[in-house]
Amino acid sequence: MKKKLSLMLCLCIMALTLAACGSSDPQDVDYGGMSYSDLQSSAQNLVTSIAAFSDEELSAAIETNEQYAKQYAKQYGREYTEAEAVINLLQSWRDSTSDVGTFVGLGEFSIDKTSDTVTVDQIVNFSERDVDVTFVYEYNYLTEEIEMTDATADIVYTLGEKLEKAALNTLMGMGTVFCVLVLISLIIYCFKFISKVGAPKKETAKVERTEAPAVETVNENLTDDLELVAVISAAIAASEGTSTDSFVVRSIHRR
(Lines give C-alpha, C1' and ligand atoms only; values in the text may rest on other atoms or scores of the structure.)
Protein backbone atom coordinates (compact mmCIF):
# COMPACT_ATOMS: atom_id res chain seq x y z
CA MET A 1 0.00 0.00 0.00
CA LYS A 2 2.84 2.37 0.88
CA LYS A 3 4.55 1.61 -2.43
CA LYS A 4 1.37 2.52 -4.34
CA LEU A 5 0.99 5.81 -2.49
CA SER A 6 4.66 6.64 -3.12
CA LEU A 7 4.25 5.89 -6.82
CA MET A 8 1.14 8.06 -7.09
CA LEU A 9 2.93 10.91 -5.27
CA CYS A 10 5.88 10.68 -7.65
CA LEU A 11 3.58 10.77 -10.67
CA CYS A 12 1.82 13.88 -9.34
CA ILE A 13 5.14 15.64 -8.74
CA MET A 14 6.30 14.76 -12.25
CA ALA A 15 3.07 16.10 -13.77
CA LEU A 16 3.35 19.37 -11.86
CA THR A 17 6.99 19.70 -12.88
CA LEU A 18 6.18 19.19 -16.56
CA ALA A 19 3.34 21.70 -16.36
CA ALA A 20 5.63 24.27 -14.78
CA CYS A 21 8.27 23.68 -17.43
CA GLY A 22 5.72 23.92 -20.24
CA SER A 23 4.28 27.26 -19.08
CA SER A 24 6.23 30.30 -20.27
CA ASP A 25 5.81 34.04 -20.36
CA PRO A 26 3.51 34.97 -23.30
CA GLN A 27 5.71 37.98 -23.99
CA ASP A 28 8.61 35.67 -24.84
CA VAL A 29 6.64 33.44 -27.27
CA ASP A 30 7.08 33.73 -31.03
CA TYR A 31 3.68 34.19 -32.67
CA GLY A 32 4.43 33.24 -36.25
CA GLY A 33 7.02 35.94 -36.84
CA MET A 34 5.32 38.54 -34.60
CA SER A 35 6.08 39.26 -30.98
CA TYR A 36 3.75 39.99 -28.08
CA SER A 37 4.41 43.73 -28.32
CA ASP A 38 3.81 43.71 -32.10
CA LEU A 39 0.36 42.15 -31.72
CA GLN A 40 -0.49 44.42 -28.79
CA SER A 41 0.49 47.64 -30.56
CA SER A 42 -1.28 46.58 -33.76
CA ALA A 43 -4.52 45.76 -31.94
CA GLN A 44 -4.50 48.82 -29.69
CA ASN A 45 -3.66 51.24 -32.52
CA LEU A 46 -6.49 49.85 -34.66
CA VAL A 47 -8.99 49.95 -31.80
CA THR A 48 -7.99 53.50 -30.84
CA SER A 49 -8.39 54.66 -34.43
CA ILE A 50 -11.83 53.06 -34.78
CA ALA A 51 -12.97 54.52 -31.44
CA ALA A 52 -12.23 58.01 -32.77
CA PHE A 53 -14.41 57.51 -35.88
CA SER A 54 -17.77 59.19 -36.16
CA ASP A 55 -20.73 57.31 -37.64
CA GLU A 56 -20.11 58.87 -41.06
CA GLU A 57 -16.39 58.07 -40.95
CA LEU A 58 -17.15 54.51 -39.86
CA SER A 59 -19.52 53.98 -42.81
CA ALA A 60 -16.96 55.49 -45.19
CA ALA A 61 -14.24 53.19 -43.83
CA ILE A 62 -16.49 50.16 -44.41
CA GLU A 63 -17.16 51.20 -48.02
CA THR A 64 -13.46 51.88 -48.67
CA ASN A 65 -12.41 48.46 -47.38
CA GLU A 66 -15.15 46.74 -49.36
CA GLN A 67 -13.98 48.39 -52.59
CA TYR A 68 -10.37 47.53 -51.81
CA ALA A 69 -11.30 43.89 -51.09
CA LYS A 70 -13.17 43.63 -54.42
CA GLN A 71 -10.25 45.12 -56.35
CA TYR A 72 -7.82 42.75 -54.65
CA ALA A 73 -10.00 39.71 -55.40
CA LYS A 74 -10.40 40.79 -59.04
CA GLN A 75 -6.68 41.38 -59.47
CA TYR A 76 -5.26 38.35 -57.65
CA GLY A 77 -8.20 35.96 -57.91
CA ARG A 78 -8.44 35.27 -54.17
CA GLU A 79 -10.02 36.82 -51.09
CA TYR A 80 -8.15 39.45 -49.14
CA THR A 81 -8.69 38.02 -45.67
CA GLU A 82 -7.29 40.98 -43.72
CA ALA A 83 -9.60 43.44 -45.50
CA GLU A 84 -12.59 41.16 -44.90
CA ALA A 85 -11.63 40.89 -41.22
CA VAL A 86 -11.44 44.68 -40.89
CA ILE A 87 -14.84 45.05 -42.57
CA ASN A 88 -16.33 42.54 -40.13
CA LEU A 89 -14.74 44.40 -37.21
CA LEU A 90 -16.10 47.78 -38.35
CA GLN A 91 -19.61 46.41 -38.81
CA SER A 92 -19.67 44.60 -35.44
CA TRP A 93 -18.18 47.70 -33.76
CA ARG A 94 -20.99 49.85 -35.15
CA ASP A 95 -23.61 47.40 -33.88
CA SER A 96 -22.04 46.78 -30.46
CA THR A 97 -21.09 50.32 -29.46
CA SER A 98 -24.43 51.99 -30.19
CA ASP A 99 -25.58 51.86 -26.53
CA VAL A 100 -22.38 51.53 -24.48
CA GLY A 101 -21.73 55.19 -23.78
CA THR A 102 -18.59 57.17 -24.51
CA PHE A 103 -15.11 55.79 -25.04
CA VAL A 104 -13.02 55.76 -21.86
CA GLY A 105 -9.84 53.84 -22.70
CA LEU A 106 -8.22 50.49 -23.26
CA GLY A 107 -8.49 47.70 -20.73
CA GLU A 108 -7.03 44.23 -20.34
CA PHE A 109 -5.02 42.68 -23.19
CA SER A 110 -4.41 38.92 -23.66
CA ILE A 111 -3.09 36.50 -26.26
CA ASP A 112 -3.96 32.81 -26.65
CA LYS A 113 -2.02 30.56 -29.01
CA THR A 114 -3.25 27.10 -30.07
CA SER A 115 -1.42 25.26 -32.82
CA ASP A 116 -1.46 27.56 -35.90
CA THR A 117 -4.08 29.97 -34.53
CA VAL A 118 -3.44 33.06 -32.42
CA THR A 119 -6.35 34.81 -30.70
CA VAL A 120 -5.89 38.36 -29.42
CA ASP A 121 -8.42 39.93 -27.03
CA GLN A 122 -8.47 43.63 -26.24
CA ILE A 123 -11.00 44.96 -23.72
CA VAL A 124 -12.27 48.45 -24.55
CA ASN A 125 -13.75 50.46 -21.67
CA PHE A 126 -16.83 52.60 -22.21
CA SER A 127 -18.81 54.66 -19.75
CA GLU A 128 -21.76 52.22 -19.52
CA ARG A 129 -20.49 48.84 -20.71
CA ASP A 130 -17.20 47.30 -21.89
CA VAL A 131 -16.59 45.81 -25.34
CA ASP A 132 -14.32 42.86 -26.16
CA VAL A 133 -12.49 43.19 -29.48
CA THR A 134 -11.17 39.84 -30.72
CA PHE A 135 -8.57 39.36 -33.47
CA VAL A 136 -7.93 35.91 -34.96
CA TYR A 137 -4.64 35.24 -36.74
CA GLU A 138 -3.79 32.06 -38.63
CA TYR A 139 -0.41 30.90 -39.88
CA ASN A 140 0.06 31.13 -43.66
CA TYR A 141 2.46 28.47 -44.89
CA LEU A 142 3.02 30.33 -48.17
CA THR A 143 4.27 33.53 -46.57
CA GLU A 144 5.43 31.75 -43.39
CA GLU A 145 3.74 34.48 -41.34
CA ILE A 146 0.48 34.88 -39.50
CA GLU A 147 -2.31 36.91 -41.07
CA MET A 148 -5.54 38.26 -39.61
CA THR A 149 -8.49 36.16 -40.74
CA ASP A 150 -11.27 37.46 -38.51
CA ALA A 151 -12.04 40.30 -36.10
CA THR A 152 -15.16 41.04 -34.06
CA ALA A 153 -16.40 43.42 -31.38
CA ASP A 154 -18.78 41.99 -28.78
CA ILE A 155 -20.40 43.45 -25.69
CA VAL A 156 -19.06 42.15 -22.38
CA TYR A 157 -21.92 40.81 -20.25
CA THR A 158 -21.83 40.27 -16.53
CA LEU A 159 -22.27 36.84 -14.96
CA GLY A 160 -25.80 37.70 -13.87
CA GLU A 161 -26.75 38.78 -17.38
CA LYS A 162 -25.29 35.60 -18.84
CA LEU A 163 -27.25 33.46 -16.36
CA GLU A 164 -30.44 35.39 -17.09
CA LYS A 165 -29.96 34.93 -20.83
CA ALA A 166 -29.28 31.22 -20.36
CA ALA A 167 -32.43 30.86 -18.24
CA LEU A 168 -34.54 32.62 -20.88
CA ASN A 169 -33.13 30.38 -23.60
CA THR A 170 -33.91 27.34 -21.47
CA LEU A 171 -37.49 28.47 -20.84
CA MET A 172 -38.02 29.21 -24.52
CA GLY A 173 -36.72 25.77 -25.44
CA MET A 174 -38.91 24.01 -22.88
CA GLY A 175 -41.94 26.05 -23.95
CA THR A 176 -41.39 25.17 -27.59
CA VAL A 177 -41.11 21.46 -26.77
CA PHE A 178 -44.27 21.61 -24.61
CA CYS A 179 -46.27 23.32 -27.39
CA VAL A 180 -45.13 20.72 -29.92
CA LEU A 181 -46.13 17.88 -27.58
CA VAL A 182 -49.58 19.43 -27.05
CA LEU A 183 -50.03 19.78 -30.81
CA ILE A 184 -49.05 16.15 -31.38
CA SER A 185 -51.49 15.04 -28.65
CA LEU A 186 -54.33 16.97 -30.30
CA ILE A 187 -53.55 15.43 -33.68
CA ILE A 188 -53.56 11.92 -32.18
CA TYR A 189 -56.84 12.69 -30.36
CA CYS A 190 -58.49 13.73 -33.63
CA PHE A 191 -57.62 10.41 -35.28
CA LYS A 192 -60.61 8.66 -33.66
CA PHE A 193 -63.00 11.20 -35.20
CA ILE A 194 -61.37 10.89 -38.58
CA SER A 195 -61.72 7.08 -38.47
CA LYS A 196 -65.50 7.35 -37.91
CA VAL A 197 -66.06 9.20 -41.16
CA GLY A 198 -68.06 6.87 -43.46
CA ALA A 199 -68.59 4.26 -40.73
CA PRO A 200 -72.52 4.29 -40.87
CA LYS A 201 -72.51 3.27 -44.54
CA LYS A 202 -70.42 0.24 -43.77
CA GLU A 203 -72.77 -0.77 -40.93
CA THR A 204 -75.84 -0.47 -43.20
CA ALA A 205 -74.18 -2.64 -45.78
CA LYS A 206 -73.42 -5.24 -43.12
CA VAL A 207 -77.02 -5.22 -41.92
CA GLU A 208 -78.27 -5.70 -45.46
CA ARG A 209 -75.80 -8.51 -46.04
CA THR A 210 -76.78 -10.28 -42.81
CA GLU A 211 -80.54 -9.96 -43.41
CA ALA A 212 -80.51 -11.51 -46.87
CA PRO A 213 -79.53 -15.05 -45.74
CA ALA A 214 -82.31 -15.00 -43.11
CA VAL A 215 -85.01 -14.63 -45.81
CA GLU A 216 -83.56 -17.46 -47.80
CA THR A 217 -83.53 -19.71 -44.69
CA VAL A 218 -87.22 -19.00 -43.95
CA ASN A 219 -88.22 -19.76 -47.53
CA GLU A 220 -86.28 -23.03 -47.45
CA ASN A 221 -87.98 -24.04 -44.16
CA LEU A 222 -91.46 -23.30 -45.55
CA THR A 223 -90.76 -25.34 -48.68
CA ASP A 224 -89.56 -28.30 -46.64
CA ASP A 225 -92.67 -28.18 -44.39
CA LEU A 226 -95.08 -28.17 -47.37
CA GLU A 227 -93.36 -31.15 -48.90
CA LEU A 228 -93.48 -32.95 -45.55
CA VAL A 229 -97.24 -32.20 -45.17
CA ALA A 230 -97.93 -33.56 -48.64
CA VAL A 231 -96.05 -36.78 -47.95
CA ILE A 232 -97.76 -37.32 -44.59
CA SER A 233 -101.21 -36.59 -46.06
CA ALA A 234 -100.65 -39.08 -48.88
CA ALA A 235 -99.51 -41.76 -46.43
CA ILE A 236 -102.57 -41.28 -44.17
CA ALA A 237 -104.96 -41.28 -47.12
CA ALA A 238 -103.44 -44.52 -48.44
CA SER A 239 -103.72 -46.25 -45.08
CA GLU A 240 -107.31 -45.13 -44.48
CA GLY A 241 -108.43 -45.65 -48.00
CA THR A 242 -109.63 -42.07 -48.32
CA SER A 243 -108.55 -38.96 -50.15
CA THR A 244 -106.39 -36.15 -48.77
CA ASP A 245 -109.40 -33.79 -48.77
CA SER A 246 -111.11 -35.57 -45.84
CA PHE A 247 -108.60 -34.37 -43.21
CA VAL A 248 -106.36 -31.35 -42.50
CA VAL A 249 -102.82 -31.31 -41.08
CA ARG A 250 -102.80 -28.59 -38.41
CA SER A 251 -99.21 -28.70 -37.23
CA ILE A 252 -96.00 -30.65 -37.36
CA HIS A 253 -93.88 -31.25 -34.27
CA ARG A 254 -90.24 -32.17 -34.95
CA ARG A 255 -88.18 -34.21 -32.50
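Is tyrosine 80 buried, partly exposed or exposed? Tyrosine 80 has 23% relative accessibility, so it counts as partly exposed (buried is under 20% relative accessible area, exposed over 50%, partly exposed in between, with a 1.4 Å probe and protein chains only).

Hi everyone, a quick word on the model first. It is a predicted one, where local features need pLDDT of at least 70 and side-chain atom pairs count only at pLDDT 80 or more, while totals for chains, interfaces and linings use all residues. Residues are numbered from 1 along each chain as its sequence is written, and side-chain values use heavy atoms, leaving out hydrogens and water.

Now to the rings. The structure has seven aromatic pairs (rings of Phe, Tyr and Trp, for Trp the six-membered ring, with centres within 6.5 Å; planes under 30 degrees apart are stacked, over 60 edge-to-face, the rest tilted). Tyrosine 80 pairs with tyrosine 72: their centres are 4.4 Å apart and their planes at 25 degrees, so this pair is stacked. Tyrosine 72 is buried, at 14% relative accessibility. Ring pairs also join Tyr72 and Tyr80 with Tyr68 and Tyr76 in a cluster.

Next, tyrosine 139 and tyrosine 141. Their ring centres lie 4.9 Å apart with planes at 80 degrees, so we call the pair edge-to-face. Tyrosine 139 is partly exposed at 28%, and tyrosine 141 is exposed at 57%.

Lysine 165 has its charged end over the ring of tyrosine 157, 5.7 Å from the centre (the rule asks for NZ of Lys or CZ of Arg within 6 Å of the ring centre and within 35 degrees of the ring normal).
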